[in-house]
Amino acid sequence: MVNATAAAPRLIALDWGSTRLRAWLLGDAGAILAERQNGDGASVLGGGAHAFDQALAALAGDWLGQGLPALACGMVGSAHGWREAPYVRCAARLDRLHEQLVAVRTSAGAVVHIVPGLIAEPAQSTPDVMRGEETQVVGLVRARPALADGAGVLMPGTHSKWVQLRHGAVHGFRTRMTGELYALLRGYSVLARLMPGDNTSSHPQAFEAGIVAAQRANGADLLGQLFAVRTLGLTRRWPAAALADHLSGLLIGHELVAGLREAEGALALVGEPALCRRYVQALEILGVTPACVHANTACAGLWQLAVQAGWVPR
């Protein structure tokens, strides 16, 4: 992807997750001049700091050679990443995250700054952590400033994040393992035996039935409802091809029922477009309309953090 009308490059932005590295060359106002990506995620690389140094050089060494500032978010700052960027405790002001950036120098002499993750430690609950999503929240608020005063942000995915914004800060958040649990049950559990392995058909009625069942349960009996996916197939109440959609509806439904109970203010969605569309469908079944839906906002968030750090013009 290239924007031929943008000005000279200003920033190298890196979204370095567990399984993928994405790099953007950004011009004025965060315009994307070029984009690259590969599979050198933080959980994939071995060999410590040297492996990260070489992976970045292979993907964007020519950009680094231009002397541009470079900013990275995600698992690159975890304990098994390039260099650990300690968590910032909630409530964490979005306009002060840039004060906690951690610098690492490449073998070629370039400096890459890493965005810290966040940790929530509520008094009456267990701690929770995030890395990368905080930058997406910064990008979302750059596009929708009013959300910073008070809104819920739902970021569906393997580990869905429910973020609560108040007074310009991430007040707290909650992670729900919806996507990972679906993959495990769909691929390896007793439920999987009744589901076609190569099924690509869509069964919206089965998905809706799962959402409605979760709503009626109101947070109770998820384990019983999961086994019912099997019995619905055994008794042929649902065809085998519909069972995966019913399972998806149950898990997303239970996530939404729990998350909506805690969320305050307007609800914004940030994530992969197809998955967000599925969540929007589920929310509509529950009678909820999100205020806005955005694709990955990490690039915009990295630009905003660079603005706040004084590296690039607003």
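**Exercise 1. Determine whether Trp16 and Phe52 are buried or exposed, and describe how their rings are arranged.**

Step 1. Both Trp16 and Phe52 are buried, where buried means under 20% relative accessible area, exposed over 50% and partly exposed in between, with a 1.4 Å probe and protein chains only. Phe52 has a relative accessibility of 2% and therefore counts as buried. The model is predicted: local features need pLDDT of at least 70, side-chain atom pairs count only at pLDDT 80 or more, and totals for chains, interfaces and linings use all residues. Residues are numbered from 1 along each chain as its sequence is written, and side-chain values use heavy atoms, with hydrogens and water left out.

Step 2. The structure holds three aromatic pairs. Rings of Phe, Tyr and Trp (its six-membered ring) pair if their centres lie within 6.5 Å; planes under 30 degrees apart count as stacked, over 60 as edge-to-face and the rest as tilted. Trp16 and Phe52 form a tilted pair, with 5.3 Å from centre to centre and 50° between the planes.

Step 3. Trp16 belongs to strand β1 (residues 11–16) and Phe52 to helix α1 (residues 49–64), so this pair ties together parts that are 36 residues apart in sequence. Helices (H or I, at least four residues) and strands (E, at least two) are DSSP runs, numbered from the N terminus.

**Exercise 2. Describe the pair formed by Phe52 and Trp82, and state which residues Phe52 is in contact with.**

Step 1. The ring centres of Phe52 and Trp82 are 6.3 Å apart and the planes stand at 20°, so the pair is stacked.

Step 2. Trp82 lies in the loop between β4 (70–73) and β5, while Phe52 lies in helix α1, so the pair ties together parts that are 30 residues apart in sequence. Trp82 is buried, with a relative accessible area of 9%.

Step 3. Trp16, Phe52 and Trp82 form one aromatic cluster.

Step 4. Contact means heavy atoms within 4.5 Å. Leaving aside its neighbours within four places in sequence, Phe52 is in contact with Trp16, Ala42, Leu45, Val76, His80, Gly81 and Trp82.

**Exercise 3. Identify the rings over which Arg131 and Arg278 lie.**

Step 1. A charge sits over a ring if NZ of Lys or CZ of Arg is within 6 Å of the ring centre and within 35 degrees of the ring normal.

Step 2. The charged end of Arg131 sits over the ring of Tyr87, 4.3 Å from its centre. Arg278 lies over the face of Phe207, at 4.0 Å from the ring centre.

**Exercise 4. Describe how helices α2 and α8 cross, and which residues make the contact.**

Step 1. Two packed helices are described by the angle between their axes and the distance between the axes. Axes are lines fitted to C-alpha atoms, for helices over the stretch in contact, and angles run from 0 to 180 degrees between N-to-C directions.

Step 2. The axes of α2 (residues 133–143) and α8 (residues 298–309) come within 7 Å and cross at roughly 85°. Helix α2 is therefore roughly perpendicular to α8. Angles under 35 degrees count as roughly parallel, over 145 as roughly antiparallel, 65 to 115 as roughly perpendicular and the rest as oblique.

Step 3. From α2 the contact is made by Thr135, Gln136, Val138, Gly139 and Arg142, and from α8 by Ala298, Ala300, Gly301, Leu302, Trp303, Gln304 and Leu305.

Step 4. The residues of this contact divide into six nonpolar, five polar and one charged. Ala, Val, Leu, Ile, Met, Phe, Trp, Tyr, Cys and Pro count as nonpolar, Asp, Glu, Lys and Arg as charged, and the others, Gly among them, as polar.

**Exercise 5. Locate the cis peptide bond from Cys90 to Ala91 and the positive phi values of Ala29 and Asn218.**

Step 1. Most residues other than glycine have a negative phi, and most peptide bonds are trans.

Step 2. The peptide bond from Cys90 to Ala91 is cis, with omega near 10°. Ala91 lies in the loop between β5 (88–89) and β6 (92–93).

Step 3. Ala29 is not a glycine, yet its phi is positive, at about 60°. The loop between β2 (21–26) and β3 (32–38) holds Ala29, and this residue is exposed, with a relative accessible area of 51%.

Step 4. Asn218, also a residue other than glycine, has a positive phi near 55°. Asn218 is found in the loop between α4 (204–217) and α5 (222–234).
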